[in-house]
Each structure stands twice: as structure tokens, then as C-alpha cells.
Amino acid sequence: MERKDYLKEPVKHIKINGTLTVDQLMQQYNNSGSFGAGRLATACDIYEKMLRDKDCTVFLALSGAVVPAGMRTIIVDLIRNHLVDVIVSTGACMVHDAIEAVGGHHYKGGWQVNDAELYKYHLFRIYDIFVPEEDYVRLDFVFSEMYADIARERKGEGLASDEFTREIGKRLTDENSILRAAYEENVPIFLPSVRDSEFGFIHWLHASQKDQKNVLLVDAFKDVPTICGICSKSPKNGMIVIGGGVPRNTIQSSALASKKGLDYGIVITLDRPETGGLSGSTLEETVSWGKMKGSAGHVMVIGEALMVFPFIVASATERLGKDFKRVSFLQRIKLAEKGN
Amino acid sequence: MAGEETGEFCGNCDSHNCYQYPAKVFCSTRYWQHLDPIVDTLWHCSSYNRVSQECYCVREAKKKAAASAQS
């Protein structure tokens, strides 16, 4: 690089006129191009590109308390509008969705509270959100019966985690549920760490029943060829990560195993790279593994997802406009298969 | 104070979880035996096993029961 290459574009100052839309604010952030605002604006650009790219399959990784904090409807709308194609989630995120699907709620609370007293009142705290224990217990009861029903139908056959979430979504009636919406729109939800959530403990409740003849069997190894097959078939793959952990790793490793590498990547996290853990690892580090292409459009937004993700979605969808109808690569394959 | 309610109540048993606070609990032991798992907090059965429940279920259920008896 020559000296002049470092001085191509001056920072333009952010102008607020009082009637800015979300996307207009993101454009102002883009004019600055600096710090967190610059990264957020870049994330909006990359998501828009992913959605306009007819060959790109969009993977969404969910971890942390996405649903309790109030992003359930955003995810449902993304599914119903075909603005995500595959979800890879922690078990807990889908447990939170399921809790609301069977009538439970997450409550605005506080973080400076008497946690010992919360315990005595059977109230659980997720930072400044409260969940009553009975909402979990109701889920346990309803889902244990659901597990038995699924197991009876499958007669000992193991389910991949996306089949498991599909069976659950089929049995839920709440249209505002992520699991239900994904079932209706044929969006697979993979839960690679399904056991590490209430879903695992519900399995214990279900399997421990006296003389239980049909125990539900979920085989997460069965996910691998399915998710790698999606990466492999798709001409391009992009990921949006909320948090990190197992869901991020599952998408990245599938992109690598299918010898594709990701073409787009957005990671929203507060984790740091110095531990060597995956959640905070930079996307440049991801390139070194071959999980992301060196040429890929990518950005890591250092921030809390509840503040960041709605801006990205609002900005990208504003740019696309109301008449934008996305038919994903996976949908086109399915339509072609049906036609044959 | 929690822990002062020493009686033999479902709400003091280590099989209990909240089902409808404070009056009803979910009993996993009964569920495993194919018995109705939703029981009154102030009830108990032969499987009663108080190990380490430190909660307000019994205290609050008694208050609620007293209030409904008065009304």
C-alpha cells in the first residue's frame, strides 16, 4: 500500500435531522464509518447483500437470551418473510420460545435484587428478566407428553435435531412461536447442544416414567450430513451470529467440512478473542481455518445483541422495501424437486 | 422465614416444583408412577421426603388457604 491509499475517504460527520428512519441513521453511521457505528453500518450492508444474493443461503446462529429479552417476534418475522433459511440454536433459545408457546412469560425485572428471595419464590433471573418456575414446569409437563407422542410415532427411530424441532413445531399452535413458524415455513432449526437445556431434563422426566416403552431418541450426529449437505448444495453461504458458542461453531465447521467456506459473516458479540475460545474469535481467525473465505464480506459488531440486531434487521428490510420477495436457494431447490 | 415450615407438606418435599404458586405443585415422583402429578401444596403422600426445600410455598399456601377460609 502506498501512503495515499490510507487516506481515501474522510470521515463525514453524523447529521441528525429529527426525522431519520432507522436506515437513514445507519447511512449516517456509514458516513462516519468509525468505531461501533461503522461496524454496525457495515453489518447492515452485508446483510442486505446476503439477502439480495440469489445464491446465498442465510444461516442464523442463536445463543444467549434472545427470546426472553424480546427478539422472538423479530426471528419469527425473519422466518415468515424468508429472510433467514437455516437456524442453528442453543437448546435454551428454543426452550425460551417453547415456554411462551405454552402460555408462559418472561417478565421485566431488575438485576439489583435479592436473589435468595427470588429462589424462595421460585423465580429465576436472566440478568434483569424474571421467569416463574411454574412456566418451566408447565413446559416440562406438556413437552414430556409431547416427547412420548413423538417417540410412539417414530417407534425407536432416532431423530436428527432438526427433525426433533420440526416435530415440536408441528405440535405447537402458537403462531408467534419460532418453532411453529419454522415448521410452517420449512426452515430447519438445528440444536447441536440440545441436551444442554431444559429439553434434556424433560427427556429425563419422560424417560424415567415407569414402564416407559417408547423413549424419544434424538441423535445429534444425524445433523451433520444434513447441515453439511445444505452448505454443499448452496452456491454461497452466509451467517449471522448472535452470541457465539456451539451454534456459531456448527455453521462454520459445516462450511469447512463441505469445502465451501462462508461467503458472508456477521457476528454480534461481547466476547473477546484473547481466550482462544470460539465466541470471541475474530472472523479473520475464522478465515485461517478455511471456514470463511478470505474474500468474504464480514464484520464483527462488538455489542449487546438486543441493541444491535434490531437495527440490522430494520435497516436491511427498509432498504429492500415492502415489495421485496425473497425466494431462497433452498426454496428454489425444493420447488424444483416438487416439479420433478 | 423459609425453613420454619416443618410440617409434612408437598410444598416441603424435595419432589416438588411450582405448578401454580403457591397452591399447587408438580410432583415428579408421582409423574414417574403415572399418577396425577399436580397436587396441593399442603397435601402429602407416603413418598413424602423432605430433604432441602427452602422456599415460601407452604407459608404462602397457608396464608392463601386462611384468606379463602375467611371469605
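Two strands count as paired if DSSP finds at least two bridges between them. With that in hand, let us look at some close-ups of this predicted model.

**View 1. Strand 7 of chain A and its two neighbours.** On one side of the story is strand 1 (residues 56–62) of chain A, which runs parallel to strand 7 of chain A and is joined to that strand by seven bridges. Here L60(A) stands opposite I240(A). Strand 8 (residues 262–269) of chain A also runs parallel to strand 7, with five bridges between them. Look for V241(A) and its bridge partner in strand 8, V267(A). To get from strand 7 to strand 8, the chain passes through helix 11 (residues 245–257) of chain A, making a right-handed β-α-β crossover. Six of the seven residues of strand 7 (residues 236–242) are buried, so this strand is largely enclosed by the rest of the structure.

**View 2. A stacked pair of rings, W111(A) and Y127(A).** Twelve aromatic pairs turn up over all chains. In this one the ring centres are 6.2 Å apart and the planes meet at 10°, so W111(A) and Y127(A) are stacked. The two residues are 16 apart in the chain: W111(A) sits in the loop between strand 3 and helix 5, and Y127(A) in the loop between strand 4 and strand 5. W111(A) is partly exposed, at 46% relative accessible area, while Y127(A) counts as exposed at 52%.

**View 3. A cluster of rings from chains A and B.** Ring pairs link F141(A) with Y19(B), F26(B) and Y31(B).

**View 4. Charges over rings.** K291(A) lies over the face of W289(A), 4.4 Å from the ring centre. In chain B, R59(B) lies over the face of Y56(B), at 4.0 Å from the ring centre.

Note on methods:
Residues are numbered from 1 along each chain as its sequence is written. Chains are lettered from A and ligands numbered from 1 in the order in which they are written. This is a predicted model: local features need pLDDT of at least 70, side-chain atom pairs count only at pLDDT 80 or more; totals for chains, interfaces and linings use all residues. Side-chain values use heavy atoms; hydrogens and water are left out. Rings of Phe, Tyr and Trp (its six-membered ring) pair if their centres lie within 6.5 Å; planes under 30 degrees apart count as stacked, over 60 as edge-to-face and the rest as tilted. Helices (H or I, at least four residues) and strands (E, at least two) are DSSP runs, numbered from the N terminus. Buried means under 20% relative accessible area, exposed over 50%, partly exposed in between (1.4 Å probe, protein chains only). A charge sits over a ring if NZ of Lys or CZ of Arg is within 6 Å of the ring centre and within 35 degrees of the ring normal. A crossover is right-handed if, with the strands pointing away from the viewer, the path from the first strand over the helix to the second runs clockwise.
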